Amino acid sequence: MVSRRTLLQGTLFGSAAALLPTAATASGGGPSLLLPAPAGPYPVGMRTVHLTDPARTDPWVGGVRELMLTVLYPARSVRGFVRAPQLTPDEAGAFAELAPRIHPGLPEQGAVDWGAVLTHGYVGAPPLPGRRPVLVYSPGGGDSRTLGTSLAEDLASHGRVVVLVDHPGDASQVELPTGMRTTVLAGPPDPATFRTMVDTRIADLRLVLDRLGGLPLAPVMDLCRIGFYGHSAGGTAVVYAARGDRRVGAVANLEGYLDLYPPIGFDRPLLLFRTERFEGAPRIESSWANLRGRRALLADADHWAFTDYGPLVPQLQTSGLMTARARAALVGTGDPAVTLAQVRRRVGIFFARHLS
């Protein structure tokens with residue numbers, strides 16, 4: 001099993017400049033977007049999992065609640081296995097249509113082949129033997145789990161099992177065995193919708209906790225070392241979901257409000273990580289004011305720098321498909337390689353310390 005010292009050194013001393021690729025030109029003339037490679041010592045395997053909860057009705061469309069998961073893990077070998085695309089062809093088509101509506105300034109449909117973006121996860125590769133900490137991720141409102149790929153792959157490459165959770169209904173798009181689900185959101189959610197989003201996510205996360213022992217990768221999961229992390233609405237949800245569940249040993253909240261319910265105490269390690277330029281910073285700080293936890297600030301960054309928009313949006317700007325203003329509004333003005341390295345370092349060290 002990889003040592004804590006190796007985890008810390010790999011995160012701290014990796015070259016930031018080497019992390020971020022430069023967009024190439026695709027054969028069709030548009031940019032070929034590249035996700036940054038993970039910096040850890042292990043290659044990464046990947047599997048997808050479909051879950052259902054017959055005891056719960058989907059609040060958005062009725063019927064049985066369904067979830068899609070991506071499970072990333074350190075692989076014994078990836079020889080003979082192929083890298084997964086970030087999005088399936090159908091997901092890529094839906095995302096291309098939805099993206100400029102969700103985030104004005106992103107390229108219009110047809111300008112980017114989103115289906116050509118490859119992850120560094122190898123589908124079905126055999127896991128490295130050993131029992132590893134488990135990290136469960138909840139994405140931001142309106143985002144799909146796939147936008148958390150880069151950070152998750154890096155965490156997996158340093159010896160963790162990472163479970164990315166999609167929340168159908170508010171996620172931009174999710175391809176389920178029963179068909180494609182696209183977001184119900186038509187803009188920022190009103191208070192009632194936000195509460196429904198978060199309450200649904202809390203129940204989703206607890207379902208994932210209940211089912212971890214039955215997942216295909218369960219033999220390499222150490223269920224005594226479980227952490228949660230989430231971005232935005234996902235950051236909100238992971239704190240509230242972990243609050244009453246002792247199975248979760250540490251939580252990282254990446255810029256999620258914590259004023260949905262009355263002020264809470266939190267008696268486990270908590271990372272409260274926000275960006276310098278987020279317009280909701282006063283509300284964030286107010287909602288975090290009475291919480292004990294490790295605080296961190298991501299300089300020259302805006303809200304979605306915690307996601308794969310962080311490395312991808314600057315490539316779109318370089319290719320002439322986004323303006324500097326749109327880029328700044330989404331991810332900030334900082335050097336994307338430096339931002340990426342800081343996010344990986346802060347989150348990686350936090351979980352290495354508290355789930356060792």
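**Notebook: rings and sheet**

I looked up Phe273 and Phe306 first. Phe273 is buried, and Phe306 is buried too. This is a predicted model, and I read it as such.

Next I checked the ring geometry. The ring centres of Phe273 and Phe306 lie 5.0 Å apart with the planes at 70°, so I logged the pair as edge-to-face; planes over 60 degrees apart count as that. Phe273 belongs to strand β13, while Phe306 sits in the loop between β14 and α8 (309-318). The two are 33 residues apart, so I noted a link between distant parts of the chain.

I then went through the other rings. I find seven aromatic pairs in the structure. Phe95 and Trp114 make one of them, edge-to-face, at 4.9 Å centre to centre and 90° between the planes. Phe95 comes from helix α3 (residues 89-102) and Trp114 from the loop between α3 and β6, 19 residues apart. Both Phe95 and Trp114 are buried. I also noted a cluster: ring pairs link Tyr137, Tyr229, Phe350 and Phe351.

Charges over rings came next. Arg132 lies over the face of Tyr42, 5.7 Å from the ring centre. Arg268 has its charged end over the ring of Phe266, at 5.2 Å from the centre.

I turned to the sheet. It is open and has 10 strands, in the order β5-β6-β3-β4-β8-β7-β11-β12-β13-β14, with mixed pairing. β5 (83-85) and β14 (294-298) are the edge strands; each has a single partner, so one side of each lacks a neighbour in the sheet. Neighbouring strands are turned by 30° against each other on average, direction ignored.

Strand β8 (residues 161-165) got its own entry. Five of its five residues are buried. Val161, Val163 and Val165 are on one side, Val162 and Leu164 on the other, and both faces are covered. In a regular strand, side chains alternate between the two faces of the sheet.

I followed β8 to its partners. β4 (residues 64-74) pairs with β8 antiparallel over four bridges, and Val71 has Val163 as its bridge partner. β7 (residues 132-138) runs parallel to β8, joined by four bridges; Leu135 is partnered with Val162. With helix α4 (residues 149-157), β7 and β8 make a right-handed β-α-β unit.

Terms used
Residues are numbered from 1 along each chain as its sequence is written. This is a predicted model: local features need pLDDT of at least 70, side-chain atom pairs count only at pLDDT 80 or more; totals for chains, interfaces and linings use all residues. Side-chain values use heavy atoms; hydrogens and water are left out. Two strands pair if DSSP finds at least two bridges between them. Axes are lines fitted to C-alpha atoms, for helices over the stretch in contact, and angles run from 0 to 180 degrees between N-to-C directions. Buried means under 20% relative accessible area, exposed over 50%, partly exposed in between (1.4 Å probe, protein chains only). A crossover is right-handed if, with the strands pointing away from the viewer, the path from the first strand over the helix to the second runs clockwise. Rings of Phe, Tyr and Trp (its six-membered ring) pair if their centres lie within 6.5 Å; planes under 30 degrees apart count as stacked, over 60 as edge-to-face and the rest as tilted. A charge sits over a ring if NZ of Lys or CZ of Arg is within 6 Å of the ring centre and within 35 degrees of the ring normal.
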